[in-house]
Amino acid sequence: MRRSLHSGENEGGSRGRHSSPILSAADKHRLAILRRALLQFFEEHHRSYPWRRTKNWFHLLMAEMMLRRTRADQVLPVYKEFTDRYRTAADALADGATVREMLRPLGLGWRNEAIFDTLAYLRDNMAVRRLPPEADMIAIPGVGEYSNGMLRSILFADRVAAIDTNVVRILCRFDGLPEKGEMRRSPLIKERAAYLVDTEHPAQVNLSLIDFGALVCTARSPDCEHCPVRRPCRYS
DNA sequence: GTCCCGAAAC
DNA sequence: GTTTCAGGAC
């Protein structure tokens, strides 16, 4: 069945002569506590957005692109208008000038150009309404590791992590890791995120991290007072 | 690693 | 004025 999954990852396979960063039993125990708290938090305080409810992969993909380095509340009206008007990439491209105007309030002009590249690719290579379950979405221009993880976990319940700045911040704080450089591709972060999503509900785990980072473990002044994992957390 | 370089929040 | 925001391409 699933053929091309796990193309390069190392799921606990040490392959290294010296100490490759494998999670210890203690690490996993701590992460299990974090995961349980995240799912509980998500159940009680999750944010509600239309792209959280849709099963339209095209709309979901457009949401991920609009949300790139842009606040969710800022995306909301644009997403509504876009999805209300267009159901396929061809539809949107046929009305390009209007789309460009709709995206303008989001800022980041270079990102909007990337969206048009994605739309063109979808129109030319994925004219089929249904997204093949086996398709590797990272082949789509504009879809990187993060979006691929979020899309696959939501659409197919695949246990793929979606590591964004929130995930990096939360995991670094929780385990006392230094936030230096591009932590997105750090094996320490990847292994921890992979362990967190290895559950029956990977999408909920991915989304809970986003909401937890937006509402509690914020970048500026985290609300450690009301944090459910304040005790095991190593952030001071 | 580096660049992309915009609106909103602080 | 500075930081932050559901990152991705090179």
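A residue is called buried when its relative accessible area is under 20%, exposed when it is over 50%, and partly exposed in between, with a 1.4 Å probe and protein chains only. The model is predicted, and local features therefore need pLDDT of at least 70, side-chain atom pairs count only at pLDDT 80 or more, and totals for chains, interfaces and linings use all residues. Residues are numbered from 1 along each chain as its sequence is written, chains are lettered from A and ligands numbered from 1 in the order in which they are written, and side-chain values use heavy atoms, with hydrogens and water left out.

Chain A has 10 helices and 0 strands; helices (H or I, at least four residues) and strands (E, at least two) are DSSP runs, numbered from the N terminus. The order along the sequence is accordingly α-α-α-α-α-α-α-α-α-α. Of the 236 residues in chain A, 45% are buried. Where contact means heavy atoms within 4.5 Å, residues 24 or more positions apart supply 65% of the chain A contacts that have a separation of 6 or more.

One helix pair may be examined in detail. Two packed helices are described by the angle between their axes and the distance between the axes. Helix α1 (residues 25–45) packs on helix α9 (residues 187–197) at an angle of about 55 degrees, and their axes are 9 Å apart. Axes are lines fitted to C-alpha atoms, for helices over the stretch in contact, and angles run from 0 to 180 degrees between N-to-C directions. The arrangement of α1 to α9 is thus oblique, given that angles under 35 degrees count as roughly parallel, over 145 as roughly antiparallel, 65 to 115 as roughly perpendicular and the rest as oblique. The crossing of α1 and α9 is right-handed: a crossing has this hand if the near helix is turned clockwise from the far one by less than a right angle, and is left-handed if anticlockwise. On the α1 side the contact involves D27, K28, L31, A32, L34, R35 and L38, and on the α9 side R192, Y195 and L196. Within α9, the residues I189, E191, R192, A193, L196 and V197 are buried. These buried residues of α9 pack against α1, α8 (165–175) and α10 (202–215).

The aromatic residues come next. Rings of Phe, Tyr and Trp (its six-membered ring) pair if their centres lie within 6.5 Å, and planes under 30 degrees apart count as stacked, over 60 as edge-to-face and the rest as tilted. The whole structure contains 6 aromatic pairs. Among them is the stacked pair of Y49 and W51, at 4.7 Å centre to centre and with 5 degrees between the planes; both Y49 and W51 are buried. W57 and F58 instead form an edge-to-face pair, 6.4 Å centre to centre with 80 degrees between the planes. W57 counts as buried because its relative accessible area is 12%, and F58 because its value is 4%. A single aromatic cluster comprises W57, F58, F82 and Y86.

Two loop residues remain. Most residues other than glycine have a negative phi. R69, although not a glycine, has a positive phi of about 55 degrees; it lies in the loop between α2 (57–66) and α3 (72–85). R69 is exposed, since its relative accessible area is 72%. L108, likewise not a glycine, has a positive phi of about 55 degrees and is located in the loop between α5 (96–103) and α6 (109–125). With a relative accessible area of 28%, L108 is partly exposed.
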